[in-house]
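The structure is shown first, and the account follows.

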Amino acid sequence: MSFEQRGPMPLTYEPVGYPGSVLRFRGPPASMAAPYILCLGGSETFGRFIPAPFTAQLAAKLPRGVVNMGVMNAGMDVLMQDAAIIAATRNAAAVVLQITGAQNLSNRLYGVHPRRNDRFVKTTAMLRTIYRDVDFTEFHFTRHLLSHLQGLSTERFGIVVAELRVAWMARMRGLLSEIDVPVHLLWLARHHPEDEGQSDTLGPDPLFITPDMLAEVRAMAASLSIIGPTDTQMAQSTRGMFFAPSEEAAARTLPGPDLHDRAAAALLPLLS
C-alpha cells in the first residue's frame with residue numbers, strides 16, 4: 001500500500017462580494033463604514049496561499065477597519081474600472097496600493113480581459129506588425145504571450161516592454177491623481193526592483209517595473225515600502241503557504257508568510 005504526499009491543503013479564502021462589483025474578494029467581509037484602510041492590489045494583496053496576509057494582520061492591529069480588495073492576477077485596469085473599488089477609494093481614510101506588474105493591462109499592443117487582467121483577449125495592428133511571424137490565436141494569457149515573444153527576438157521584445165512601461169506609468173499617474181487620501185505604495189515580491197531585467201526569463205511579478213519608475217510614482221504618494229527577500233532561501237521557500245500539489249509552481253512565484261509579516265510591520269506605523 002502506498003500513500004500520496006499531498007502537502008498543505010489549500011485555503012478556502014471565504015470569498016465575499018461588495019455592492020457594485022461582480023468580483024469575489026477575500027473574506028471575511030469587512031465593514032464599509034468610513035473611515036477605513038483600503039488595500040488594493042493583485043494576488044499578493046488577496047493573500048493567495050497565505051493564511052494570515054498582511055491585510056489581515058493590519059486589521060487585527062489597527063483601531064479602524066481594513067478592507068481587502070486585492071484581486072487575483074490584477075493589473076491596473078480592474079483597479080481603475082471596478083465600481084466597488086472606485087467607490088471604496090472615496091470613503092477610505094488611506095489606501096495601501098500594491099505595485100502590480102505592467103503585463104496585465106491593456107495597451108497599444110494588446111488588450112486584456114477587463115476583470116481577469118491576466119487574460120490576453122486581442123492584439124492590435126502595431127503588435128502584428130512587429131511580430132509578423134506570430135499566430136496570436138494560440139495565446140490566452142499574457143505571460144504565455146510575452147514569454148513566447150521574448151524568446152523570438154530580444155530587440156523586438158524591447159519595444160514591447162517599453163510600451164508596457166509607458167502604459168503602466170500613465171495608468172499609475174491617473175489612479176494616484178484620482179485618490180484624494182494618502183496612498184501608501186507597497187512592493188511585495190520575491191525579488192527586488194533592482195533585479196528587474198537581469199534574467200532572460202520573465203520571472204516573478206511585478207514584471208517590468210524599474211527603480212526609476214517607482215521613484216516617479218513615489219513622488220505622488222505618501223510612502224513606498226519595499227518588501228523583498230533577504231536571502232536566496234527566502235526567495236525560494238514555500239514554508240507556511242497552503243496550496244494543492246498542482247499549485248506549487250504558482251506558490252513559488254508569490255511572497256510567503258515571512259514577507260507578509262514584514263509588509264504588515266512596515267505599514268503599521270504609517271497607518272496608525
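A crossing is left-handed if the near helix is turned anticlockwise from the far one by less than a right angle, and right-handed if clockwise. Helices (H or I, at least four residues) are DSSP runs numbered from the N terminus. The model is predicted: local features need pLDDT of at least 70, side-chain atom pairs count only at pLDDT 80 or more, and totals for chains, interfaces and linings use all residues. Residues are numbered from 1 along each chain as its sequence is written, and side-chain values use heavy atoms, with hydrogens and water left out.

**Helix pairs**

Axes are lines fitted to C-alpha atoms, for helices over the stretch in contact, and angles run from 0 to 180 degrees between N-to-C directions.

| Pair | Axis separation | Angle |
|---|---|---|
| α2 (residues 54-61) and α11 (residues 257-271) | 8 Å | about 40° |
| α6 (residues 142-152) and α7 | 6 Å | about 140° |
| α7 (residues 154-178) and α8 (residues 211-218) | within 10 Å | roughly 20° |

Angles under 35 degrees count as roughly parallel, over 145 as roughly antiparallel, 65 to 115 as roughly perpendicular and the rest as oblique. Helices α2 and α11 are therefore oblique to each other, and α2 passes α11 in a right-handed crossing. In this pair, Phe-54, Gln-57, Leu-58 and Lys-61 of α2 are in contact (heavy atoms within 4.5 Å) with a set from α11 that includes His-260, Asp-261, Leu-267 and Leu-271. By class, this contact of α2 with α11 has seven nonpolar, two polar and two charged residues; here Ala, Val, Leu, Ile, Met, Phe, Trp, Tyr, Cys and Pro count as nonpolar, Asp, Glu, Lys and Arg as charged, and the others, Gly among them, as polar.

Helices α6 and α7 are likewise oblique. Leu-146, Leu-149, Gln-150 and Leu-152 in α6 meet Thr-154, Arg-156, Phe-157, Val-160 and Leu-164 in α7.

The crossing of α7 and α8 is right-handed. Residues of α7 in this contact include Trp-168, Met-169 and Met-172, while α8 contributes Met-213, Glu-216 and Val-217.

**Nonpolar cores**

A nonpolar core is a set of buried Ala, Val, Leu, Ile, Met, Phe, Trp, Tyr and Cys residues joined through side-chain atoms within 4.5 Å, where buried means under 20% relative accessible area (1.4 Å probe, protein chains only). The largest such core has 60 residues, of which Met-69, Leu-97 and Trp-168 touch the most other members. Helix α7 supplies the largest share of this core, 10 residues.

Key:
Helices (H or I, at least four residues) and strands (E, at least two) are DSSP runs, numbered from the N terminus. Buried means under 20% relative accessible area, exposed over 50%, partly exposed in between (1.4 Å probe, protein chains only).
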